[in-house]
Amino acid sequence: MSAEGLVLEMRGITKEFPGILANDHVDFQLARGEVHALLGENGAGKSTLMNILYGLYKADEGQIIMRGKPVTFASAKDAIEVGIGMVHQHFMLIPVMTVAENIVLGNEPRRDGILLDEAGAEQRVRELSQRYGLVVDPSALVSQITVGQQQRVEILKALYRGAEILILDEPTAVLTPQEATELFGIIESLRTDGKSIIFISHKLNEVLEIADRITVLRRGKKIETVPREGATEELLARAMVGREVLLRVDKTSAKPGEVLLEVEDLHVFDERGIEKVRGVSFSVRAGEIVGIAGVDGNGQTELIDAIAGLRRAQSGIVRVAGRECPHATPRDMLDVGVGHIPEDRQRRGLVLEFTIAENVALHDYAKEPDAKWGWLFPAKLVEAARLLIKQFDVRGGGPLTRAGGLSGGNQQKVVVAREIARDPKVLIAAQPTRGLDVGAIEYLHRRLVEERDEGRAILLISLELDEILSLSDRILVLYEGQIAGEHEGEVSEEEIGLEMLGGRRRAA
Amino acid sequence: MTTDLGEPTPPIPPEQAAVTGTMASRISLRQRSGGVIVPVLTVVVAFLIGGVVVAATGHNPLAAYRDIFNGAGLNWFFHPTTNTANTAPYNLTQTLLQTTSLILTGLAVAFAFRCGLFNIGGQGQYFVGLFVANWIGASWATMAAGPHIVIAILAAAAAGAVWAAIAGFLKATVGAHEVISTIMLNWIAIWIGTYLFGDGGPLQNSQNSALPISNDVTKSAQLPVIWGDQQLQGLHIGFFVAIAALVVFWLILNRTTLGYEVRAVGFNPEAAAYGGISVKKNLIRAMAISGAFAGLAGGLDMLGYLYRIGVSDIPASGVGFLGIAVALLGRNTALGVGLGAFLFGALLYGTTHGLQSGSIDPQLAGNLTYMIQGLIVLFVGADVLILYVWNTRRRLRRKTEPA
C-alpha cells in the first residue's frame, strides 16, 4: 500500500484498563477507498482501538496520523471534525424525531437564524441517500422504521457530518440476512466514492466477502494484516483464536429414540393479538436435533415461549415424554423436564445483577440442597456453581462474580451449564450462539451434539442457516407461523432459503 | 492476564467489563461502588447548603449545627449517663424514639424497592397500623399484658400488610402503578382515621364525646419503657424490635427463597418468570411485607409512647414519608436504613428542640429538617433517576427493534 494512498495510520496504540491490557502496541493502516476489516473475538480490543480513533478513549501510548499529520483527539467532536464517523452497535438516535432531524442534529440547516429549516434538511438528506443508495424516508419517525433503516440513518448522519473514514462496529449483528446483503451494497458504493471503511466483526464469512484487507486482533495485540486474496476462514479463525478451530461440526448420524417433545396444531398469539404461530405440529425424539429455520419474526419466539410455558397458547397440545401439559406455567414445564436456553440471555436467561452462583440456582433455588423449608443456603449455591464453572469452563470470574461482568460467551456458558445440569429430557436452544465468537460457538455446537448423544431431544432455533444446516438431524422451516418445509438428510441452502422466504408459494 | 495467549475466551474482570460496557453498567457500577461514598457525600453537601441558608439569615451555621447536635442528645456520647433527668440523655431517648419509627418506615420503602416497587404509601400503612393498635390497645383492658401487646402489635403489622397488599394486588392484576395507588391509599387511610376518631366516630373517646380523640391505650397494652420515664416519653422496647427488624430484613432478602425471588423480580422480572418465579405473586407479597414494616412502626408508636391519637394529629405526621428519604439514603440495605434512620431521627428531634432562639430564626428551625431532607432525596435520587431514564431509553430502543 503506497504511502500516498494512506488516509490514516495508528502507530503503537496502547491502552490499559485496570487489570487488563486492552490494546498492546497496535498498528493499523487505512487506505483511501479501502474496506479494512478488524477481526477478533469479543474482548480482543477491537472496540477499544476504534473508540480511541473516535476520540472516546485516550490512548496511553501511540500516535494517530491522519493524511500524514499527527493528530490528537480530546473528544469525538475532534474526530468528527477531521472526517471520522462511527456507527455504534447500539444506535444513538432519538426515536421521537424524524430521520432528517436525527441526521442534522448538532449541525442543523437554519431558517431566519434560529428556526430549523426542515425542508432544507430533508432535501439534503435525500441527496445524500440517493448518492449512496441509502434508501430511507427522511420524514419518517425513527421509532417507526426498522433496525436496518436505523442503521442507514446512522451512516447518513456520519456522511452528513463529512465523514471520509467510516467505522462500522459489528454492523450486521442486528440485521437480518437480507438487510446485511443490502448493507454490503451500500458499503460497496461508499468505497467506489473513495470513502474508507473500517468494518469491525467477528464473523469470518462476512469479512471475507466485503473486506479488502483484514487485520486480526487477539488479546489486545495485532496478530496480522492480510489481504483478502489468499485468506481463508480456517486461517483467520486460527489467527483469531490462536489455535486450530473446527469450523464444521463433527457429528455422527443420529440414533433417534422415543418421542420426547410433541407439538400438535399449536396456535399462539403475540401481545398485539396477532396470530404468530398458526397451527404448528412436529415432534422431537430422544437423541436427535431438530432445527427450526426461518427469518426472524416468523413465529419462532412465540413458539418457544409457548412450549416453555412463558406464553399461553390459544389452542393446541404440547406433550413432553407423552404427558400433556395444558395451561402450563414456566414452573410446570421446568418440572416435566424442559430445559430452555433463551434467545436473549441478558434479558431473560440471566439476572445480570445476580452472582453466577445465584444465576445457576435460578430454577432450583427452592429445592434441596439449595434450600429447605424456604431457607436458602448460599454456601450450597456457591458449591454447585463452582462445580459447573469448572465443568463448563466458564472464565472471567468465580461463583461470586456478578453475571453482568462476564463476557457474552461466558454468560452463555453459565446459561447452558444451568440448563444442562438439570438433566432435561427436552432442551430448547434458541439462537444459542448469537453474538458469540468462533471459539465459544465451536464449544457450544460440540456441546449440543454431545447432549444429543446423551439421549436428549434438542430443539434448535436459529436465524443462522449455517448453524441449522450443520447441527440439525432434521430441519423444519417456519414461515409466517406455519411449517413451510421439512427435510431430513442432505438439503441445499438454496432450497431452505427459498422456503424461508415463502418461495414455494410465490414460485407456484 | 495478558500472558496466557491462546485461550479461546479472554477472561474479563468485572471492573473491566464495566469500564468498556454500556453507560448503564458504568452507572450501576458507580452506584454500587459509591455504596458508602455517595450517601456520605450527599449528607455532607446537604448540610453545607443548609449551612449557607442559615448564614444567609445572618446566623452562624456552626452554632446552629452544634445546637442541633446537642438538641438531638448526641453530646451524650461525650458524657454518658443514664439519668434522663439530665438533658443530654433525655434528648437521646427522644432521638432514638424517632429512630425506631424511621427504621421501620425506611425498611418498608426499602423492601418494596428491592422488588422493583416504589412504595410511597408508607404513611398510609403506618396510619392503619396506628389505628388498629389503638383500637386493640384500648379494648380488652382486662387482658394480660404480654398477650395484649403481642396481639396488638401483630394486628398492626397485619393491617399495614393488607393495606399495602391492595396496591400490590392492583399492580399484579390490572397493572395499576403502585405509586398512584399507594398515594390514593394514603388519603383513604387519613380519612378513615378522621372518621373513626372524629365527632361521632365509632372509636372516638368514650369519656368525652366532644373531643375528636381516641381512647387511651390501656396499661396492659403499653410497651415497657427501658430508658427514661414513661410519663415523659421514655424509650420503649420497640427500639429493639426495630433493630431486630433490620436483621430480619437482611435475613429475608439474603437467606430465604422468598428473598431470592423478591430480588430476582426486582432486578429482572422477565428472567425471574423464565426461572419459574411467579412475578405477580411476588409483587403482592413484597408489598405486603413492606406494609407490615410500616404497620409495625404505627403499632409500636401507638403502644410505645403515643397511647392515643387525635384527628388533628393525623395530617401532622410525616414519619412514613421520611421513610422514603431514609431508604434512599440507606441504599435499601439493612445497615444503611439503620444509619439513615438515626441521622433523620437526630435531625428531626434536634432541629425542633435543640435550636436556641438566638442561633437561628425560629421559623427556620423546623424547616431546616425538611430542607436537608429534601436536598438528600434530591441528591440521592438523582443517580437513581439517571439510571431510570437510561433504562427507559433502552427499553424504548428495544421496542423499535423487530427482534
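Two strands are taken to pair if DSSP finds at least two bridges between them, and on that basis the close-up views below, all drawn from a predicted model, begin with a sheet.

**View 1. The open six-stranded sheet of chain A.** With mixed pairing throughout the view, six strands of chain A form an open sheet in the order β6-β9-β10-β3-β11-β12. The edges are formed by β6 (84–87) and β12 (221–227) of chain A, each of which pairs on one side only. When direction is ignored, neighbouring strands of this sheet are turned against each other by 20° on average.

**View 2. Strands β3 and β11 of chain A, with helix α8.** Strand β3 (residues 35–39) of chain A pairs with strand β11 (residues 213–218) of chain A in the parallel sense, and four bridges join the two. Among the residues involved, A:Leu38 has A:Thr215 in β11(A) as its bridge partner. Helix α8 (residues 233–241) of chain A lies across β3, β11 and β12 of chain A, and its direction makes an angle of about 30° with β11(A).

**View 3. The loop residue A:Arg434.** A:Arg434 is placed in the loop that links β21 (426–430) to α15 (438–453) in chain A. Because A:Arg434 has 18 C-beta neighbours inside 10 Å, this residue counts as partly exposed, a class that lies between the limit of 20 or more for buried residues and that of 12 or fewer for exposed ones. A distance of 26 Å separates the C-alpha atom of A:Arg434 from that of A:Pro95, and the two residues are 339 residues apart along the chain.

**View 4. The crossing of helices α4 and α14 in chain B.** The axes of helix α4 (residues 61–71) and helix α14 (residues 334–353), both of chain B, come within 7 Å and cross at roughly 110°. Since angles of 65 to 115 degrees count as roughly perpendicular, α4(B) and α14(B) are therefore described as roughly perpendicular to each other, and their crossing is right-handed. On the side of α4(B), the contact is made by B:Ile68, B:Phe69 and B:Gly71, which meet B:Leu347, B:Tyr349, B:Gly350, B:Thr351 and B:His353 in α14(B). The residues of this contact divide into four nonpolar and four polar, with no charged residue.

**View 5. The mostly covered helix α13 of chain B.** Helix α13 (residues 319–329) of chain B has 10 of its 11 residues buried; the buried residues include B:Val319 and B:Gly320, as well as B:Ala327, B:Leu328 and B:Leu329. Just after α13(B), B:Arg331 adopts a positive phi of about 55°.

Terms used. Residues numbered from 1 in each chain as written. Chains lettered and ligands numbered in written order. Predicted model: local features only at pLDDT ≥ 70, side-chain atom pairs only at ≥ 80, totals over all residues. Axes fitted to C-alpha atoms, helices over the stretch in contact; angles between N-to-C directions. Parallel < 35°, antiparallel > 145°, perpendicular 65-115°, else oblique. Left-handed = near helix turned anticlockwise from the far one by under 90°. Contact = placed C-beta atoms within 7 Å. Nonpolar A, V, L, I, M, F, W, Y, C, P; charged D, E, K, R; others polar.
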